[in-house]
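These notes are for a colleague opening this structure for the first time. Please read them with the sequence and the model side by side.

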Amino acid sequence: MECGPALPDSLVLEIFLHLPHDAVLSAGLTCRQWLAVSRDEFLWRELFYSYYRIPRTVPRHPASVSWYREFKRLYDCIPCEEVQTLTEHHDQVLHLAFSHRGHRFSSCSKDCTIKLWDTERPDGIISLVHSSSMLHFNWAYTQFSQFNADDTLLLVSGVYLGPHQSSSGEIAVISLDNYTLLSRVRNKPYDVFGCWLNESHLISGNLHWIGNITSCSVFWLNKAFQDIESENVNVVKRLFQIQNVNASTVRTVMVAHSRRHDNPDLLLDYEAQSLARAQSRARAPRGGPHQTLHFDLGGTDSEDDGSGEEEEEEEGEERLRRQGPATPRLPQPTSSGLEVLQRCRGAGSAELEAEATVARMMGRAYTKTPDPSLITASAPGEGEDKTYLLFTTGSLTYSPHQIGIKRIMPDQMSTSGPVLGGERSSEEFFDSLDHVIDIHGHIIGMGLSPDHRYLYVNSRAWPAGCVISDPMCPPPIAEEIDLHVIDLKNLREEKMILRSHKAYTPNDECFFIFLDVSRDFVASGAEDKHGYIWDRHYNICLARLAHQDVVNCVAFSPADQELLLSASDDSTIKVWRSPRMVRLARTPGPRRNLLPSWFTRYKTPATSTRSTTTAAATPTPAVEEQEEEERDG
């Protein structure tokens, strides 16, 4: 459609600059001139910064090809629309884990079952394919699961039935070919969880108390199964032996591989962004307290650019949301806290202080000298593959407040060799930590980025400047959850923290809130009955995902970050997809055949431009010309 006498482009642009983004898109359908102006890069740059309230000194995502498409990425490609609710569990759902291909996922629950789900049905519906109860192994519930690297085995971690103060757990390995149980491994405390080291070996923990507040944590390497032809070969091997002081213990283990650092999934410059935000805050008028921004993307119903059809109004106005305290959850104290409190009831403060002094002396005398060359910041282009064991620990109190890092050497990657560390001398009873990062708060969750470059850590902060004089009385913790970012390549915490989510349980009843990281986003559960999604580049909260109770876990599909799962104490698993994918699924005609490829179409290199964010609709000539200009740009 052509207009009458045309207004100058500069005047049309000036008018569009005063309109909201959805009005700009609608106006662009009026004629070819307005369509061209409505795709102006300067216009969308202004709309982008004003709508998302990002400091203008923060640059555009390095993989983005235009401001318009970057606006659409944050607005239209966030998995924030609920498309399915899975109700097969009959108690609190605690954990979710995707296979590496994204074709299956597993779920753990207080109903003591491990369930497997299929995500590759042609109609896009997720369905249950297998369920196993672990009650006959004397488990109280299943708490964590993980697929091995080739998706042939499933590690399932559970908690034993026993006295209230018991901290014992177990790991089971299940074959995904026929769902048979291959092995069972002791795991203590149970919140070590366990993890895969490689395709056939897993890491578990054990705990030995030396005194009331002094203990020794042992990491064990276990073969997932014993072949008939190798029945005389070791199936277990001690990896490390760590001294714990002041009632702390090692928990929450995971493995990171530095070989992935050469293919980053996101180019981040947190220092530049932190400086930009500081400058922005300095220029901002002083007044009330800072409010976290949330963007409501759930009502999006826009058409993809280039459709040539009328775009419907999008409800995209940002609005602040506040949530009151959630319904109290049944207490689930951390395992070591329970056991330590039980052990120390009869011990006086003088006795505990004397024990701490002796433990420090014993640690200095019987700890293996650290080798500084084992863990150093990686130089650019350094090709050596390094494997690190990451875990939570502490030195001041039983609340986990530090990240411990220990390098696993190539000769430790299998169970061959001395089983009990016969190579140790009598004066090297304990292994030293290669690196420690103090979070100054109670750690309640950890997650690795897909490239293993960044570790994201959920924590509840201690009061600034607090001093811990009694290890049995940790400081009070904040209701706000801080999401820290640690650069594992440079071994430092980045100078930025993501905030939005909350937790309400006291120190001795804290439980794990699982988070997950995709190429562009990071998501986390919370005790305020919501899951949250942030953009990793701009560090803004984009969506809240509502449940009826505490959200324990979130998980992105590794094959498609526009698919997200959330698990809650309301006994449900919710499936979330992006508004773009929901529209494609509802589109009649030939485009329905896009559904089977939801989990394969995004397997492009991380450095490629995100051209797939544009829908496969037939563009009009004007829009097609504009898209060619964007691609050329």
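1. Terms and basis. A residue is called buried at under 20% relative accessible area, exposed at over 50% and partly exposed in between, with a 1.4 Å probe and protein chains only. Helices (H or I, at least four residues) and strands (E, at least two) are DSSP runs, numbered from the N terminus. This is a predicted model, in which local features need pLDDT of at least 70 and side-chain atom pairs count only at pLDDT 80 or more, while totals for chains, interfaces and linings use all residues. Residues are numbered from 1 along each chain as its sequence is written, and side-chain values use heavy atoms, with hydrogens and water left out.

2. The chain as a whole. The chain has 10 helices and 28 strands. Of its 633 residues, 59% are buried. Its accessible surface is about 26200 Å², and carbon and sulfur atoms hold 53% of that; these areas come from the Shrake-Rupley method with a 1.4 Å probe, and for residues only the protein chains shown count as cover. A contact is a pair of heavy atoms within 4.5 Å. Taking contacts between residues at least 6 apart in sequence, 63% join residues at least 24 apart.

3. Helix H4. H4 covers residues 41-52. Its 12 residues, at 1.5 Å a residue, should span 16 Å, and the end C-alpha atoms are 16 Å apart, so the two values agree; the expected span is 1.5 Å times one less than the number of residues. At the start of H4, the backbone nitrogen of Phe 42 has a side-chain oxygen of Asp 40 within 2.9 Å. Just after the helix, Arg 53 has a positive phi of about 55°.

4. Cover on H4. The buried residues here are Leu 43, Trp 44, Glu 46, Leu 47, Phe 48, Tyr 49, Tyr 51 and Tyr 52. The elements that cover them include helices H1 (9-16), H2 (21-27) and H3 (32-38), together with H5 and strand E25 (541-546). As background, an α-helix has 3.6 residues a turn, so residues three or four places apart point the same way.

5. Helix H5. How many residues of H5 are buried? In this helix (residues 67-76), 10 of 10 are.

6. Salt bridges. A salt bridge here is a side-chain nitrogen of Lys or Arg within 4 Å of a carboxyl oxygen of Asp or Glu. The structure has 17 of them. One joins Glu 46 and Arg 56, with the closest N and O atoms 3.0 Å apart. Glu 46 lies in H4 and Arg 56 in the loop between H4 and H5, 10 residues apart. Arg 56 is partly exposed, at 41% relative accessibility. Arg 45, Glu 46 and Arg 56 together are linked in a network of salt bridges.

7. Arg 73 and Asp 535 meet at 3.0 Å, N to O. This pair links distant parts of the chain, since Arg 73 is in H5 and Asp 535 in strand E24 (residues 530-535), 462 residues apart. Are the two ends buried or exposed? Arg 73 is buried, at 2% relative accessible area, and Asp 535 is buried, at 0%.

8. Another salt bridge. Glu 494 and Arg 492 have their closest N and O atoms 3.9 Å apart. Glu 494 is buried, at 6% relative accessibility, whereas Arg 492 is partly exposed, at 37%.

9. Strand E11. Eight of the nine residues of E11 (residues 201-209) are buried, so the strand is largely enclosed by the rest of the structure. Two strands count as paired if DSSP finds at least two bridges between them. E11 pairs with E10 (residues 195-196) in the antiparallel sense over two bridges, and a hairpin of four residues joins them. Leu 202 in E11 is the bridge partner of Trp 196. With E12 (residues 215-223), E11 runs antiparallel over nine bridges; five residues lie between these strands in the hairpin. His 201 stands opposite Lys 223 in E12.

10. Tyr 398. This residue sits in the loop between strand E15 (387-393) and strand E16 (402-408). Tyr 398 is buried, with a relative accessible area of 5%. Its C-alpha atom is 7.5 Å from that of Pro 474, which is 76 residues away along the chain.

Methods
A polar contact is a pair of N or O atoms within 3.5 Å; within protein, one must be able to donate a hydrogen and the other to accept it, and residues adjacent in sequence count only if both atoms are side-chain atoms.
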